[in-house]
Each structure stands twice: as structure tokens, then as C-alpha cells.
Amino acid sequence: LRRGLPVGLVWGEADGEIRWHPDEAVTGVIGAIFEHFAVVGSVRGVWLWLRDQGLQLPLQKHGHVTGTEEITWVAPTYHAVHTVLTHPAYAGAYVYGRTRAQRRVDQDGQLRVRRHRLPQHEWEVLIKDHHRGFIDWDTYQANQTRIGGNIRPMAHQPGTGAVREGCALLQGLATCGTCGRKLAVYYDG
């Protein structure tokens, strides 16, 4: 099933063949995202680094299947960097059915459809090592755990979060023993 691939990957000539984009500038930026994530460990850190370096991200029309669509270079967004770091195709996996539509009728009688992401064990199709990835599957899984740990936890939920910038001791790490929320560390003077 030939579905749209994320930017940096294109369909090959053979059935089911997925290859890297022929433009080395495109694959270079995608590779740099994964390399820098290994260093900083947060999506936001990679996004800020891309902006500081003046790097742009490749953008391709959604739903492409031929790989011949023209690349547009745009300023990096947090969402785009997050998508690159969380899409399993970059780990060499072919996936299908990562989301499911929920239909409901709202109080006005209108049909509403909302898509939600499924946990990995509920994906309809997951073929690991399907094609050459920018990272391997184990690195992808470790990255997902790391990204998941960077979220700000709700009250009484475990989570370490990302270490924040600044000179304050335990900044971004200290949590309240009563409610479980992160503490803001502040030094005066």
C-alpha cells in the first residue's frame, strides 16, 4: 500500500521499496535532527538549535507517492521537529493504522469526527526493518521514551521532564512532595 511518506523518504521503483530522498540537503537536515536529539535529548532543544544555526526544514506536499514533488524550504517549527523525531518511518519501519477516528454526535446534533493516536501495540501494521532508516528501531524506542519523559507531568504523575537551562540547582527536576507538580527554582541575588 503506497501511502504518503514523510519528507526525506521516497518510494522506489520496486514494489514496496522505500528509499532516502535523492537530495543530500534533505537527508542531511533529517539526519542532523536525530544526531542533535541524541545530544540534547529534547524536541525543543533540537528546534532551538535549528533556529540558532539558521537551518531550514524541507517541506513536501502532503500525500505524495511518487517522490518527484518539489521540496520547499521553510523555517523549522516545533511541530515539524516533533513529527520527524516521532515518525516510525525514519526508523526503517512501515506502519499503517497509527490513528483511529472517533465519531460522535454533539449536543447540537452535528456529527463530529476526531482522530486520536493509538498506542504502538494497537497499530494495524508494523513492519520493522522494512527499509533503511535514519536511526534503528531500538534508538527510535529509546527516543520515544525520552520524549515522553520530557512532558510536564500532571499532579501525582511520575515524570522527570527535561532539564532546563540556567544556573539554578535542580532546575526542571525538583517536584512537590504533596501535589507532584514541578517546582520553580529561583535564586535572588
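The protein has four helices and eight strands. Helices here are DSSP runs of H or I with at least four residues, strands are E runs of at least two, and both are numbered from the N terminus. From that end on, the order is β-β-α-α-β-β-α-β-β-β-β-α. The model is predicted, so local features need pLDDT of at least 70 and side-chain atom pairs count only at pLDDT 80 or more, while totals for chains, interfaces and linings use all residues. Residues are numbered from 1 along each chain as its sequence is written, and side-chain values use heavy atoms, with hydrogens and water left out.

Take the whole chain first. Of its 189 residues, 35% are buried. Buried means under 20% relative accessible area, exposed means over 50%, and partly exposed lies in between (1.4 Å probe, protein chains only). The accessible surface comes to about 12300 Å², by the Shrake-Rupley method with a 1.4 Å probe. Carbon and sulfur atoms hold 51% of that surface. A contact means heavy atoms within 4.5 Å. Among contacts with a separation of 6 or more, 51% join residues 24 or more positions apart.

Now go to helix α1. Asp 23 caps its N-terminal end, with a side-chain oxygen 2.9 Å from the backbone nitrogen of Ala 25. Such a polar contact is a pair of N or O atoms within 3.5 Å; within protein, one must be able to donate a hydrogen and the other to accept it, and residues adjacent in sequence count only if both atoms are side-chain atoms. Buried residues of α1 include Val 26, Ile 30, Phe 34 and Phe 37. The buried residues of α1 pack against β2, α2, β3, β4, α3 and α4.

Just after α1 comes Gly 41, with a positive phi of about 75°. The backbone oxygen of Gly 41 is reached by the side chain of Asn 150 at 2.7 Å. Asn 150 sits in the segment after α4. It counts as buried because its relative accessibility is 18%.

Helix α2 covers residues 43-53, and its buried residues are Val 43, Val 46, Trp 47 and Leu 50. They lie on the same side of α2 because they cover an arc of only 100° around the axis. That arc is taken from the directions from the helix axis to the C-beta atoms. These buried residues pack against α1, β3, α3 and α4. Gly 54 follows α2, and its phi is positive, near 70°.
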